[in-house]
Amino acid sequence: MNEPPRPPRRVDDMGAAAPEGATADEELVRRLYAEHGRALFGYVLRLVRGDRQRAEDVVQETLLRAWRHPEALDPARGPARAWLVTVARNVVFDGDRARRARPPEVGEEALDVVPTGEEDLDRAMVAWEVMEVLAELPPHHRQVLVEVYYRGNSVAEAAKQLGVPPGTVKSRTYYALRQLRLLLEERGLTAEVAL
């Protein structure tokens with residue numbers, strides 16, 4: 001049987017009263033736990049696909065929210081368990097959304113592609129800047145430079161790949177190189193590092 005999490009200074013298993021000196025808020029949390037803890041834990045455990053630690057955290061957060069908002073537990077507003085279940089479900093869903101919003105972590109194999117030498121780092125930085133400059137070019141200029149210079153295609157091969165006449169490839173290459181040279185000079189680079 002799944003054991004629900006235990007709150008701090010919890011009521012003993014026989015339902016004994018809270019320790020002397022306990023505040024009304026502590027009494028509320030103890031009562032809620034005694035009445036709803038086991039059912040809430042079981043419900044949350046199913047939502048988190050058996051992750052006991054996460055289920056315990058969700059139940060604890062749910063009881064904390066009940067402690068912060070005791071007015072929500074007013075019997076006139078409906079059963080306390082319904083409110084607790086709704087809060088627990090929202091805590092689980094909010095946690096799932098937060099995990100999906102966070103970029104996935106990469107393993108150590110990603111570190112193998114990071115340049116290590118000073119020369120490698122310089123080359124990587126220049127390549128990064130060239131990519132930024134290429135992104136500033138109009139798409140038809142960028143495509144022709146990629147085909148001719150980076151993929152090593154002839155004018156005829158680039159024309160076939162791009163679906164334009166060879167003369168268009170030549171003129172686009174001329175204007176693309178001119179614009180590339182200007183953009184690189186603005187950044188203090190020469191066209192030779194880009195090509």
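**View 1. Arg 54 sits in helix H2, which spans residues 52–68.** Welcome to this predicted model, in which local features need pLDDT of at least 70, side-chain atom pairs count only at pLDDT 80 or more, and totals for chains, interfaces and linings use all residues. Residues are numbered from 1 along each chain as its sequence is written, and side-chain values use heavy atoms, with hydrogens and water left out. Helices (H or I, at least four residues) and strands (E, at least two) are DSSP runs, numbered from the N terminus. Is Arg 54 buried or exposed? Arg 54 is buried, because its relative accessible area is 17% and buried means under 20%, with exposed over 50% and partly exposed in between (1.4 Å probe, protein chains only). Leaving aside residues up to four places away in sequence, Arg 54 touches Val 48, Val 92, Gly 95, Asp 96 and Arg 99; a contact here means heavy atoms within 4.5 Å.

**View 2. The whole protein has 8 helices and 0 strands.** Read from the N terminus, the elements run α-α-α-α-α-α-α-α. The protein has 195 residues, and buried ones make up 30% of them. Take the contacts between residues at least 6 apart in sequence: 58% of these join residues at least 24 apart. The accessible surface comes to about 13,200 Å², and 54% of it belongs to carbon and sulfur atoms. Such areas come from the Shrake-Rupley method with a 1.4 Å probe, and for residues only the protein chains shown count as cover.

**View 3. Helix H4 (residues 118–136) meets helix H5 (residues 139–150).** Their axes come within 9 Å and cross at roughly 135°. That angle makes H4 oblique to H5, since angles under 35 degrees count as roughly parallel, over 145 as roughly antiparallel, 65 to 115 as roughly perpendicular and the rest as oblique. Axes are lines fitted to C-alpha atoms, for helices over the stretch in contact, with angles from 0 to 180 degrees between N-to-C directions. Look for Val 130, Leu 134 and Ala 135 of H4 against Arg 142, Leu 145 and Tyr 150 of H5. By class, this contact has 5 nonpolar, no polar and 1 charged residues. Here Ala, Val, Leu, Ile, Met, Phe, Trp, Tyr, Cys and Pro count as nonpolar, Asp, Glu, Lys and Arg as charged, and the others, Gly among them, as polar.

**View 4. Leu 134 has its place in helix H4.** Leu 134 counts as buried, at 9% relative accessibility. Which residues does Leu 134 touch, not counting residues up to four places away in sequence? They are Arg 142, Leu 145, Tyr 150 and Leu 180. Leu 134 and Val 146 lie 12 residues apart in sequence and 9.2 Å apart in space, C-alpha to C-alpha.

**View 5. Helix H6 (residues 155–162) and helix H7 (residues 166–186) cross at roughly 100°.** Their axes come within 8 Å, and H6 and H7 are roughly perpendicular to each other. Val 155, Ala 158 and Ala 159 in H6 meet Pro 166, Val 169 and Lys 170 in H7. By class, the contact of H6 with H7 has 5 nonpolar, no polar and 1 charged residues.

**View 6. The count of aromatic pairs comes to 1.** Tyr 174 and Tyr 175 form this edge-to-face pair, at 5.0 Å centre to centre with 80° between the planes. Rings of Phe, Tyr and Trp (its six-membered ring) pair if their centres lie within 6.5 Å; planes under 30 degrees apart count as stacked, over 60 as edge-to-face and the rest as tilted. Tyr 174 is partly exposed, with a relative accessible area of 48%, and Tyr 175 is partly exposed at 45%.
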